[in-house]
Amino acid sequence: MRVFLVSTMYPRDAAGWRGVFIRNMVYALARAPSIELAVWAPPGELPEGVIKASTPAEAQWLGKLVDLGGISHMMRSGGIRALLAPIKLLLLLAAAYRRHPDTDIYHVNWLQSALPLPRDGKPALITVLGNDLRLLRLPFMRPLLRRMMRGRKVAICPNAEWMRDPLQHAFGDVAEICPVSFGIDPVWYAIDRTPVANHPKRWIVVARLTMDKLGPLFDWSYPLFKDGTRELHLFGPMEQDIDVPDWVHYHGPAAPAQLAEEWFPHACGLVTLSRHAEGRPQVMLEAMAAGLPIIASRMPAHATVVVDGETGLLCDSEETYGKALSMLEDEAINRCFGEAARHRVTEELGTWDDCANRYRRIYTRLLEGRKDD
C-alpha cells in the first residue's frame, strides 16, 4: 500500500531533539512489510527507499518553522506570523497532496494538517497529538474538519486513551476514534541504571520551558533542594521568558542520546509537575523504559501513564511531592518502582516496530472498508 505521511516536525540530524518521535515512526513504518512510504516533512534523514515528498523550497520553509518552535508555538506567540504561517502551511500541504494522486492512504500528523486533504475519497489516518484538543477551540475548526472527513473513511488516532471521549464527542459520527500508543526506541530499554545511593540525589526534568509545562516545579522544589542534598537537572528549550533559579541545574535542550547515555542511568527518577494537557508525554514513557520511577502532577495525561504507587507517584501538593521524593530515594523502593515501570511499558507499548504494526492494521482496515480489526 502507498502511504503518504505528513508532519511539520522532523529532526534535522542525529543531534536534533524536535520531532524525534516522528523520525522513529517513519523508520518503523519503512521497515513494515507491504508499505511504500512517501514523507512530506522538514529536512532530515529518511530511511532508504522512502520517497521525500517535500520540495526543496517547502523543506526549507518547514525547517525554519521547526527552528522557531513549530507551528503551534508560532500561533501562540501572536503577531502577524501567527496569522500568516498557518495559511502558508495549509497552502503548501494542499499542493503536496495534489502532487501525489497515486496515494492509497494518508497518514496525517496533527489535525490541522488534514484540513487541505483533497476531496478524492481516499482514507486517512490522523494522529492527534499534543495541542490538538486546544486547536478545536478555534472558530470554525470543528466544522471544517468534519467537512473534510465526510466522503472518506477516517481513523482519528490519539496517542492516549484519555483523549477518546472529547474526540468521540466532536467527530464520532464521521470518523472512527482509535487510540494508538506510540512505541519506544530500544535504546531506552537497554539502559543499565546504577544504584541511586550516590549523593547528591539527581532528579531529572525534561520539558519545554513554559509556565504551564513547569507548573509549581520551582516553588515546590526550592525547600526540598536548596540544601544541596538533592540536585534538580532541567532540560528543554526556553519557550517563554522564564527566570530559572540559580539552584536549578538548567542545561537547555538535550538530544535523546545525551539523556540516555549521561543522565538517565544515574538519576533517581523523572519529575513532571506540568499543568499542560498533552496526549501521552513521550519522555515519561522513555524514562519508564529506562527503569526510572516517575513523580508527576495528578492530571489525566499523567494518570494514564503512571500507576500511582507502583510505577511512580502522583502528587497534588508540596507535601505529597516531598514525600514522593523521599520515598523514591530509598534504593530498594526505587529499584522496585523502576522495574515495574519498565515492565509496564514493555508489555503495553513495546517498540516503534510494534507501533508501526498497529498503524498498518488500521491502514488495512480502512482500505478494505471493514469496521472491525
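Modeller: Start with the buried residues of helix α12: Q282, V283, M284, L285, E286, A287, M288 and A289. The helix spans residues 282-289, and eight of its eight residues are buried. So α12 is mostly covered. Keep in mind that this is a predicted model. After α12 comes G291. The phi of G291 is positive, near 85°.

Now the strands. Strand β8 covers residues 201-206, and strand β9 covers residues 230-235. The two run parallel and are joined by six bridges.

The largest nonpolar core has 40 residues. Those with the most contacts inside it are F4, W40, I126, M149, I156, L167 and F171. Helix α4, residues 80-98, gives this core its largest share, six residues. Look closely at L167. Beyond its neighbours within four places in sequence, L167 is in contact with V128, L133, L136, I156, P158, G172 and I177. There is also a second, separate core of 33 residues. Its members include L5, I35, L125 and W352.

Then the cysteines. The count of disulfides is zero. Take C178: its closest cysteine sulfur is in C157, 4.9 Å away. C178 counts as buried because its relative accessible area is 16%, and the cut-off is under 20%. C355 is in no disulfide either. For C355 the nearest cysteine sulfur is again that of C157, 9.5 Å away. C355 is buried as well, at 1% relative accessibility.

Last, a residue in a loop. D13 lies between β1, residues 2-6, and α1, residues 20-31. Its relative accessibility is 42%, so D13 counts as partly exposed. Compare its position with that of P166. D13 and P166 are 153 residues apart in sequence. In space they are 36 Å apart, C-alpha to C-alpha.

Technical notes:
Residues are numbered from 1 along each chain as its sequence is written. This is a predicted model: local features need pLDDT of at least 70, side-chain atom pairs count only at pLDDT 80 or more; totals for chains, interfaces and linings use all residues. Side-chain values use heavy atoms; hydrogens and water are left out. Helices (H or I, at least four residues) and strands (E, at least two) are DSSP runs, numbered from the N terminus. Buried means under 20% relative accessible area, exposed over 50%, partly exposed in between (1.4 Å probe, protein chains only). A nonpolar core is a set of buried Ala, Val, Leu, Ile, Met, Phe, Trp, Tyr and Cys residues joined through side-chain atoms within 4.5 Å. Contact means heavy atoms within 4.5 Å. Two strands pair if DSSP finds at least two bridges between them. A disulfide is a pair of cysteine sulfur atoms within 2.5 Å.
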